[in-house]
Amino acid sequence: MKNISLLGSTGSIGTQSLDVCRMHGYNVKCLTANSRIDIIEQQVREFKPELVCIMNETSAKELKIRIKDTDTKIVCGMEGLIECAVYDGADTVLNSVVGMVGLQPTLEAIKAKKTIALANKETLVAGGHLVTNLAAQMGVDILPVDSEHSAIFQSMQGMPDKKAVKKIILTASGGPFFGKKLSELENVTASDALKHPNWDMGAKITIDSATMMNKGLEFIEAKWLFDMPNEDIGIVVHRESVVHSAIVYQDNSMIAQLGVPDMRIPIQYALTYPEREPSPVKELSLADYGRLTFYEPDYETFECINVCKNAIEMGGLHPAAANGANEESVRLFLNGKIKFTDIAHLNNEAMLNASDKKDFTLEDVLETDRAAREYVIEAVK
């Protein structure tokens, strides 16, 4: 029986993760959220976790009053988030929090020798070798939950050895602005950018899809997860989001993972690996789709991909800076403070401003993240 600590339970990935836990009867030992206590109160009453962390202290106090009739303990802040990540009663930590806040609890969970089901991009984008080296040292599995990385991971099952893989191919939906040129995106609004054609995601991730920054971040993730040279990681736009990603073997045979666009497939595979179990997701009908389409990305319009590619090529703390700058840029765009087309420019400038330091620490990453955000704020002022 799986015992799960779910970090970020009220977001899109978190609620779908609970669908999987509900179907398979997994024990949900810990839940965390930022401040959405209405949702997490319902989750507490259904799943009866032993420990809950609310990042916002005021919200934590209110939730404590609301659920005083239960046995669930309430903690708050980063200390509370880490307490949930290392909780003795859980064997698997599913990290679905959004943003840099996910890095430190992942590192602590690895130290506690928890299996990591990872949906938090920033852990690998900003943490890089810190995370992968520690996981190797502790003998901990990092199982990808992102649909693209899960697809690559699934396609690699049964391969004879690592050298058999020639390249990996990440698919991208292209977001709501597929086919648009840079000049056409000058005055798009947050409302326009939040209209994703295939996926139901939170605001930040949906904007990242619109800028295609998400694909740049996934490029960096893939580098760390699968230890592939940068030149052997490809990107292709696939509008239907049915082929979730693929690998090419040395004999040029391509293996891909297909399914309806539903995050519960990769979530479940991370929780049941290496087993396959019945899923709450409907079966894919290729005939219903009729045809699947593929296109080269427009790197001139969606410059954020290049920001990330250049960041991982430069190495050091550049990926952490690109990520931190993007979080701040997206926040400013959603608040109407900058234009959509400003996001890539700000991310690039902050990324170039970062250190080339190769042997960095967690403190270096956190400082780089802070500096990149400050750079964006000052640039906008």
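Please keep in mind that the model is predicted.

I start with the seven-stranded sheet. This open sheet has the order β4-β3-β2-β1-β5-β6-β7, and its pairing is parallel. At the edges stand β4, residues 73-76, and β7, residues 142-144. Each has a single partner strand, so one side of each is left without a neighbour in the sheet. From one strand to the next, the twist averages 20°. For background, strands of a sheet pair through backbone hydrogen bonds, either parallel or antiparallel.

Let us look at β3, residues 51-54. Four bridges join β3 to β4, and the two run parallel. In that pairing, isoleucine 54 stands opposite cysteine 76 of β4. Toward β2, there are again four bridges, and β2 and β3 run parallel. There, cysteine 53 in β3 is the bridge partner of threonine 32.

Which way do the side chains of β3 point? In a regular strand the side chains alternate between the two faces of the sheet. In β3, Leu51 and Cys53 point one way, while Val52 and Ile54 point the other way. All four residues are buried.

Now the helices beside this sheet. Helix α2 lies across β2 and β3, and runs at about 170° to β2. Helix α1 covers residues 12-24, which makes 13 residues. From its first C-alpha to its last, α1 reaches 19 Å, close to the 18 Å expected at 1.5 Å a residue. Its buried residues are Ile13, Gly14, Gln16, Ser17, Leu18, Val20 and Cys21. What do they pack against? The buried residues of α1 pack against the strands β1, β2 and β5, and against the helices α2 and α12. After α1 comes glycine 25, with a positive phi near 70°.

The other sheet I want to show has four strands. It is open, with the order β9-β8-β10-β11 and mixed pairing. Its edge strands are β9, residues 233-237, and β11, residues 254-258, and each pairs on one side only. Neighbouring strands here are turned by 20° against each other on average, direction ignored. Strand β10, residues 243-249, pairs with β11 in the antiparallel sense over five bridges. In this pairing, alanine 246 stands opposite alanine 256 of β11.

Next, the interior. In soluble globular proteins, nonpolar side chains tend to be buried together. The largest nonpolar core in this model has 82 residues, and Ile168 and Phe340 touch the most other members. A second, separate core has 30 residues, including Cys53, Leu81, Ile116 and Leu317.

Last, the aromatic rings. The model has six aromatic pairs. One of them joins phenylalanine 177 and phenylalanine 340, edge-to-face, at 5.2 Å centre to centre with 80° between the planes. This pair links distant parts of the chain, 163 residues apart. Phenylalanine 177 is in the loop between β8 and α9, and phenylalanine 340 is in the loop between α15 and α16. Both are buried. Elsewhere, ring pairs link Phe153, Tyr269 and Tyr273 into a cluster.

How values were computed: Residues are numbered from 1 along each chain as its sequence is written. Side-chain values use heavy atoms; hydrogens and water are left out. The expected span of a helix is 1.5 Å times one less than its number of residues. Buried means under 20% relative accessible area, exposed over 50%, partly exposed in between (1.4 Å probe, protein chains only). Contact means heavy atoms within 4.5 Å. Two strands pair if DSSP finds at least two bridges between them. Axes are lines fitted to C-alpha atoms, for helices over the stretch in contact, and angles run from 0 to 180 degrees between N-to-C directions. A nonpolar core is a set of buried Ala, Val, Leu, Ile, Met, Phe, Trp, Tyr and Cys residues joined through side-chain atoms within 4.5 Å. Rings of Phe, Tyr and Trp (its six-membered ring) pair if their centres lie within 6.5 Å; planes under 30 degrees apart count as stacked, over 60 as edge-to-face and the rest as tilted.
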